[in-house]
Each structure stands twice: as C-alpha cells, then as structure tokens.
Amino acid sequence: ESARVKFFAAQGLGKLKHAAAAPALLAALRANNNDDAHLRHALVMGLVGGNNTGALSAAITDASPAVRLGALLALRRLKSAEVVKFLADSDAYIAREAAIAINDAPITAGYAALAALLDKNPSDEPIAFRAINAHFRLGQVANAAALAKFAARKDAPARARAEAIAQLAEWPKPLQRDRLVGIYRPTEGKTRDRSVAVNALRPIVADLLAASTPSVVQTATLDALQKLEIAGASDALFAAVSNGDLAGETRAAALATLDKVKDKRLADAVKIASDSSSSTLRLAALPISARLSPDAAAPVLAKLIEKGSADEQRAAFRALGFSRHASAAPLFVQQLALLEQGKIAPAVQLDLLNAATRRNEPAIKAAIAKREAAIAANTDPLAPFRVALEGGNRIRGEQIFRNEPTLACIRCHRAGAD
C-alpha cells in the first residue's frame, strides 16, 4: 500500500510499454481520487507508455473525475485528438485542462473545436483566451469574423474582449512566439492579409469606443486602429483624447499612441489633456509636455516633486529623466541627497532612481555611485531591493504578467482569480 512503491511501479509499467496494465492504472487513479499529485503523474506516465488507446477512450466517460483527468493528461502527452471530447466535460476543471492541453501542447487537430467554444461566451478566462488564440492560429476569414463578433459582445468579460481585439491587431504579422505560452511557434505564413482583420473590426469600431464600453476594451481598440493602419485612426485617437465621457485610462492610451505615431496635432492633444479633469490623463501628458515645452514644464515638475501626490511625483520623476531643461540636473542632485537622508517617500524611491540613471551629468552619476557604494557595504542582503517594496504600477505589471510573450509568466503561474 506504499504510495512510493506504486509510484515507481506505475513508471516501470510505462517504460515497459505494458498496454495491458491500463485497467489497473485507471483503477489506481480512481482510488487516488486526485489526492496525491505525484502518484497521479506516475500513473499517467504508465498510461502514456502503454498507449492503450481503447482503454483511454473508454475512460473519457468514466464516472470518476480523477479517472477522466488522468486519461486527459495521458491523451495530452500522446497529442491525441480525443482530448477535444473533454471540452464538454461536466467538471469545469477538466474542461479547462482540455482547453489548456489543446493550446499549450499543442494538439492542432483540436483547434477548431476549441475555437468553437468562443460562440458560447465561456466564463472561464483560461478557456476563453485559448479559444481566442485558436481562432488566431487557424487564421481564416471566418476566424477573424468570429473574433470581432466576440469583441462586440457586451455580455462577454471585458478582458477577454480586449484580448480578441489584440489578436486582431496582430493578424497581419503574427508573433513568432505563441501569445499565451511564449514558446516559439510560428504560424504557416510570416504575414497575412491585413484587410481580413480590418474588414472584421471596422464595422464595430464605433460601438467599441462608446462611452459605456469598458476602458480596457476601448484601449485595445485604439491600439488596433493604429497597428492595422485603419483609415481615420489618428482622427479616432484625437477624438478619444478630446472626449471627456471616456475613461481617463482610455484617453491616456490614445494620447500615448498619438505621441508614438508623431501626429501633427500632438501639441493640441497635450493641451487638452493638461486641462482635463482626469488626473490619469494629466499625468500621461506630463512627460510629453516636458519634452515639447521644457521651459513651461520645468516649474510644474519641480512643484509636483515637492508637493504632489505619490502618483504625481512618479510621473514628474519620469518626465524629468528626459527633460532637457537646465534645472533638471540640480533637482535630481537635491532629490538624491534627500533620498540618502531618508526623506523621500518609499512609494517613489524607485522612480527617482530609475529616472536619475537616465541622466549623464557627472554630479548625478557621483550621487548614484555614492549610494551604490553604501549599499554594497550594507550587511543587509535585501538592501539593494528595498526601494521596490512600495510603489510601482499595478496595471502595467499585470499587463506584463499576462501579455508579454517573451516572459510568458502565465505559462507556469496564476494570479488573482485564475
């Protein structure tokens, strides 16, 4: 009855490719009832080695969730198309694991079945994201249309709608890495017809930018307009900055995109943003304003650093890091001296240091070097990292965690309600 003995026995049966052991391995999965994950893994490997497709197919309808999960995991390793049958499993966890198996393994024969789940508006985010990704990888006109249709659904989760729009934005030049798992997995062609995504997205743009639409969806739409080079994209971006009914985050994203594309109306957009009642939009305009009009921005930055909130101070430090105004260097030297004295709020210390490292003035470099020498002499092993304990940008961090393909955090990790 030793779990350790069972573990090695199951692995041994797999290495012997003993197909006749499948009933005993499935019975052991039933008895384990998912209590011991290590034993379950060994039993799965025994099933994989035996490759008894008949027994595994029969286990798909087994009354025990533990048996069904074990069979699913074995079929995943075998990259069997039978995995698609688990997408309709009554156990939500098993259905999710089936979607993960098809996308992550991958099991390309299951893409169509996985993509079809999007029509049912799945509430489970990992399933929804993988259904979206399946449409993207299938890459047909009908798949682009399905993504646009889902993005337009007001009853669908906002983050999933935004993901569908983001995938459409990448349609003409698919990423070489899979967007969800970060593995090098190029599509068949390096480029695809841009008009397919444009024609799918254009009819719903007005609804996606409506004031009642969640800001994350609006932001994804504005980004897609720019990436797909849809006619009138700059006009839509400028209109978004000017529209006081939109969320500040959306208007800030539109302003950032206008800056990125060097729109000729950027100065006008910055003035509108600076006069806005939205603090998010005003802070987004600050670094752009400092670059376009350094003389006018300099006293504003100094005031915000002295008396502003933590968010205002962070924005001011970032802007000051790129400022060409003569007052920037002395102000940095002053703030670094206050940091040494422990008089800089913990929530903005990292922003101060990051901005200061962008400067080339000898006085600033000397102040940073002095700080680094003091840290090196400190016996506290966490001393170099204490500036990161507070502050930061939660929204930006979450975007990196979930959407940065080169890091692929979500391949192994979960956060929030995942």
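The following exercises, each with a worked solution, concern a predicted model.

**Exercise 1.** Determine how helices α8 and α9 are oriented relative to each other, and which residues form their contact.

*Solution.*
Step 1. Two packed helices are described by the angle between their axes and the distance between the axes.
Step 2. Helix α8 spans residues 125–138 and helix α9 spans residues 141–151; they pack at about 150°, and their axes are 8 Å apart.
Step 3. Angles over 145 degrees count as roughly antiparallel, and α8 is therefore roughly antiparallel to α9.
Step 4. The crossing of the two helices is left-handed.
Step 5. On the α8 side, I132, H135, F136 and L138 make the contact, and α9 contributes N143, A146, L147 and F150.
Step 6. Sorted by class, the contact of α8 with α9 comprises 6 nonpolar residues, 2 polar residues and no charged ones.

**Exercise 2.** Describe the largest nonpolar core and the surroundings of L168.

*Solution.*
Step 1. The largest nonpolar core contains 56 residues, and L168, W171, L201 and L255 have the most contacts inside it.
Step 2. Helix α10 (residues 158–169) gives the most to this core, namely 6 residues.
Step 3. Leaving aside residues up to four places away in sequence, L168 touches A144, L147, A148, A197, L201 and L228.

**Exercise 3.** Classify N51 and E229 as buried, partly exposed or exposed.

*Solution.*
Step 1. N51 lies in the loop between α3 and α4, and its phi is near 50°, a positive value in a residue other than glycine.
Step 2. Because its relative accessibility is 41%, N51 counts as partly exposed.
Step 3. E229 lies in the loop between α13 and α14; its phi is positive, about 55°, although E229 is not a glycine.
Step 4. Because its relative accessibility is 62%, E229 counts as exposed.

Definitions and conventions:
Residues numbered from 1 in each chain as written. Predicted model: local features only at pLDDT ≥ 70, side-chain atom pairs only at ≥ 80, totals over all residues. Heavy atoms only, no water. Axes fitted to C-alpha atoms, helices over the stretch in contact; angles between N-to-C directions. Helix = DSSP H or I, 4+ residues; strand = E, 2+ residues; numbered from the N terminus. Parallel < 35°, antiparallel > 145°, perpendicular 65-115°, else oblique. Left-handed = near helix turned anticlockwise from the far one by under 90°. Contact = heavy atoms within 4.5 Å. Nonpolar A, V, L, I, M, F, W, Y, C, P; charged D, E, K, R; others polar. Core = buried A, V, L, I, M, F, W, Y, C linked by side-chain atoms within 4.5 Å. Buried < 20%, exposed > 50% of the residue type's maximum accessible area, 1.4 Å probe, protein only.
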